[in-house]
Amino acid sequence: MSLSETVVSRFPEPIRSIALKHRELVKFALVGGTCFIIDTVLFFGIKIFVLPAHPVTAKIIATLVATIVSYVLNREWSFRTRGGRERHHEAALFFLVNGLGIVLNSAPLWVSRYLFHLQEPHVTRVTEELADFLSAQIVGTLIAMAFRWYGYKKWVFPDENVRNQRPLDEEQALGHS
């Protein structure tokens, strides 16, 4: 039994049944939560200490790093039984979907900062930080997450149960029993 199955087996019903039925979504959410933490820490670290005048650039850099982590974890854990494409084609589609996800994730921050002017000197520093967090980390992440979930299942990892299938032995391949 895997670690995730051990953890899920301890959940009370009906949560256990729902988690088992939607295990791919649960794994996707856990990977997303991990990448959300990476993205948030990097975003605020870069925005505050490295690029204070360029919050959207800081957001893009943070999201790129989180995307690389996301690819490895989603490929090897969340969607490990899915595939249907050669690895280089799959990776290209993953990063294309995530490129669009970065735009979707960064757009609310851009709107908050440059259309609504929720930045100093128009608002207090606390309001600016709160607006940045809500627009970039909550609204942007939710929009991009929904798009990524759809994109991964539709285009990147389209075929179910292809990587856990065992190759047929010669007798099975020839139709003998």
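H117 sits in the loop between α5 and α6; helices here are DSSP runs (H or I, at least four residues) and strands are E runs of at least two, numbered from the N terminus. Although H117 is not a glycine, its phi is positive, about 55°.

A word on what you're viewing: this is a predicted model, in which local features need pLDDT of at least 70 and side-chain atom pairs count only at pLDDT 80 or more, while totals for chains, interfaces and linings use all residues. Residues are numbered from 1 along each chain as its sequence is written, and side-chain values use heavy atoms, with hydrogens and water left out.

Stay in that loop and pick P121, also between α5 and α6. What kind of peptide bond joins E120 and P121? A cis one, with omega about 5°. For another cis bond, jump to E13 and P14, where omega is near 0°; P14 is in the loop between α1 (3–9) and α2 (15–21). Most residues other than glycine have a negative phi, and most peptide bonds are trans.

Now colour α5 (87–115). Its 29 residues reach 40 Å from first C-alpha to last, close to the expected 42 Å, the expected span being 1.5 Å times one less than the number of residues. Zoom in on S106 for a kink of about 30°, shortly before the proline P108; the bend at a residue is the angle between axes fitted to the seven residues ending there and the seven starting there.

Next, α6 (125–156). How far apart are the end C-alpha atoms of this 32-residue helix? Only 40 Å, short of the 46 Å that a straight helix would reach. Look for a kink of about 35° centred on T141.

α3 gives the most to its lining, with 8 residues.

Last stop: N74, in helix α4. Buried or exposed? N74 is buried, with a relative accessible area of 1%. Its contacts (heavy atoms within 4.5 Å) include F94, Y152 and F28. The C-alpha atoms of N74 and F28 are 6.8 Å apart, though 46 residues separate them along the chain.

Terms used: Buried means under 20% relative accessible area, exposed over 50%, partly exposed in between (1.4 Å probe, protein chains only). Lists of a residue's contacts leave out its neighbours within four places in sequence.
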